[in-house]
Structures are given as C-alpha cells and as structure tokens.
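I opened my notebook for a quick look at this one. Here is what I looked up, in the order I did it.

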Amino acid sequence: MSPTTRQLLNYATPSIVGMLIVSVQMMIDGVFVSKGVGPLGLAAVNISMPLVNAMLSVTIMIISGGVVICGIAKGQNDEKLVKGYTTLTFIVLVVTMTLISVSVLCFLKKICYLLGSNDEVYPYVRTYLGILTGAIIFYVIPNFTEAFTRLAGKPNKVFTSGVICCVVNVVLDYVFVMRFRWGMAGAAVATCVANTSAAVVLSPNVKFGRLMGTWRDVRRIFFNGSSEMLTSVSAAVTMFAFNIVLMNNIGTLGVAAMTIIYYMNMIVNMSIYGLSQALYPLMSFALGSRDYGKIRNLLFVSLKMSAAIGIGTFLFVQIFKRQVVTLFANGDVVLVELAVTAATLVTIHYLMSFVNIIGSSFHTAVERPLESAVIALCRSLVFALLPLFTLPRLIGNNGIWLSMPVAELLTLFVTVPLFIMTMRRLKKNLC
C-alpha cells in the first residue's frame, strides 16, 4: 500500500463510516416516520427535502470554501492564519444561516405549497419544515465541526461523533414519535437535538483564533465553495421537479416511493461525500505545498475507493431491495411494488455517479470552482431535467426512474475531459 493510499484511508475511513452512520440514522428516522405517521409522513419528508437541502447547500458552500483556504494556509505552515480563517468561516456560517432561517419562516406557508404540498400533506410539511428551518444552525453545525476536525488531523473523532448522533437520534425518535406521539414534530426535534450532540462532542477539536481575513477572503470562501453549493442546490431543484412529476403521474404514493429511494441513495452519496470531505484538506495541503505527484495519487486513489462504494452498493440494493423497501412501506403492498421497481432502475446510476461526484469535489479542492460548477450543474440539473421531462412521455413511468442513470451517463462526457485538462494545467503550473 502506497503512503498516499494509507494517508487517504486514514482520513477517509472514519469519515465514510461516519457518513454511513448518518445514512443509517436517517433511514431509521424514515422507518419511525413510516410507522408513527404513515405514507403522508414519508411524502412530507420528501417534499421538505428540496428546501432543507438548499439550506444545507449554503452550509456546504461556506464550509468547503473555508476548509480549502485553511488547508492552503496549513500547507504554507501558517497555523495562526489557519485558526483565524476557521473563526472567519464560523462567523460567516452563523450569520448567513440565521438570515436564511428568518427569511424562510416569514413565507413558510407559501413555500410549503410551492414545494408541491397539497391540502392533505401540507400540515405535515409545515410542522417538519418549520422546526428544521427554525433550528437550522443546530441541524447543520455538525458539518462544520466534522470538516474542521478532519482539518486538524483527527479524522477518527468524526466516527465517534457519528455514533453518538445516531444513538441519540434513534432513542429520541422512539420516545418522541412512537411513545409521545409527536409525529413530524418529534422526528424534526430528534434530528436537531442529535445533530447538536454530535457538534458538541467534536467542538474541542476545532481550533479557533483571532479573527483574520478581509472581505476578499470572505469572497474566496463563497467562490471556492460555490460549486459544492451548486451541487446541492441543483439536486434540490431536481428533487422538487421529481416531486412535481411524481405527484402528477403517480400521486402521493409515488412521492413516498421516491422517499424510500432517497434513503437508499444516501448510502452512496453520503459515503462518497465523506470521501470527498477527507480529500479536501489533503488535496488543498498538497496544492499549497506544490506537490503535483501527491495531487495525482490522491485523485486516482479516491476514484478507486469511490468506485468500490458505488458498485458495492448497487449490487447490495439489487439483491436486497425488497427487504429494504419493506422496512419503510408499513405493509402497503402497492407502495412496496412501486418502490421495488424504482430501486431496480434508479440504482443503475451508482455505477457512474462516483466519477462525477469526485470530479466536482476534486476541482473544488484545487481551487477550480468553475469546472466543479459545470460538473455539478450537468449531473444535478441540466442532464437530470432533460430526461425527466422527456422519458416518461416515451416509455411511461419507468422513464422517471431512468432519468437519473441517463443524467450521470451524459455527465461523464463532461467530467472526464475536465479531469484531463485540469491535471495537465496543474502539471504545467506545479512541476
């Protein structure tokens, strides 16, 4: 095993396991919602997710951009600047998320219906979304503590916080949703409290310092992380479009089935996201120290690891999809069959998505946000919406599920050439 592979594994393994724990946590959350609330609860979660993910995307943008500039400063052996940038990133995060939270709450009812709610599901969406939005800083704060704990060279701590978060969430889901019968409110409160507990556990590992930086550095944070935000925003827009198409073509059960698929998708997406989060500090450090060989090796190793995750999850879902779907369906036979069909077709995109996800994250880590944004927009928006609105007319409802694999396939023809161009540019500038 090469030193680069060993180093990436040391950072990535606890990060990936931690993200898998988060995925399992959210899946268990879905099981409790299904058992304690029913299909309308599942539909409400999925209808809420575009806005929740949009807010999370802003968080990811700020944190990713902050980690990149901190990583470059660390590669230049300027620890004082690293701590100052950490403080700057935290302040920018808190101020931005507070402004967004207040703005959303002022127009919550209109937003709920804009997201695709009807009169039947609206009360569930309003309750769930209202609590998550009002407590959004507590919902997203673990992303900050995890990212900067990895930057501090303590990736194993992230795994510990993930375990604690999962245990707290499961216990509180049982108490609030099943015992107290708080419904969607119980699920939302449980999630926020669990996420806060994870952040508290990691907070001693985040090293703050005297605030440093100028408005130029704030712009660097937003600019470097903008592609990661576009990835999440585009995904949120696409999920919104999926919900609208599903409501029009299939109805509430279609949205519920998509929620189950969303939980499955988290296994791949969160795992590769965990890998990319481990990649940021290592890649930006290599860029700061002008080590082209390290950058190249990190890229190749990350692609191999993400391929194993994508292909392995695809095979698992294809073999055990009915068993997984049954956990969420609460005895609804129609929902089971619909979700099984969806799982069979949607999960094909796992065989390709890892290249595009790593492609976007890699370009962010080497301060090429424009290329990263192009990949993000292609896979999550441009190439996703085109088949979503055309394939169902040609081949029926199966076209809805196949639009994801088609989008990832088309994006490969953008990602691979950008990989080649960026590596040539880095070799020329660093060697």
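How many positive and negative side chains does the protein chain have, and how far apart do the centres of the two sets lie? I noted 31 positive and 15 negative side chains, and the centres of those sets lie 8 Å apart. A reminder to myself: this is a predicted model.

Next I checked the fold. I found 15 helices and zero strands in the protein chain.

Then I turned to overall dimensions. I recorded a C-alpha trace spanning about 60 × 45 × 40 Å along its principal axes. I also compared the radius of gyration with the globule rule: a compact globule of 431 residues would have a value near 22 Å, and the protein chain has 21 Å, which agrees.

Among contacts with a separation of 6 or more, 84% join residues 24 or more positions apart. For the surface, I wrote down an accessible area of about 16,800 Å², with 68% of that belonging to carbon and sulfur atoms.

Is H13 enclosed by the rest of the structure or exposed? I counted 15 of its 16 residues as buried, so H13 is largely enclosed by the rest of the structure.

My last entry concerns what follows H13: there I found Glu367, with a positive phi near 55°.

Conventions: Residues are numbered from 1 along each chain as its sequence is written. This is a predicted model: local features need pLDDT of at least 70, side-chain atom pairs count only at pLDDT 80 or more; totals for chains, interfaces and linings use all residues. Side-chain values use heavy atoms; hydrogens and water are left out. Helices (H or I, at least four residues) and strands (E, at least two) are DSSP runs, numbered from the N terminus. The radius of gyration is taken over C-alpha atoms; the globule rule is 2.2 Å times the number of residues to the power 0.38. Contact means heavy atoms within 4.5 Å. Accessible areas come from the Shrake-Rupley method with a 1.4 Å probe; for residues, only the protein chains shown count as cover. Lys and Arg count as positive and Asp and Glu as negative; His and the chain ends are not counted. The place of a charge is taken as NZ of Lys, CZ of Arg, CG of Asp or CD of Glu. Buried means under 20% relative accessible area, exposed over 50%, partly exposed in between (1.4 Å probe, protein chains only).
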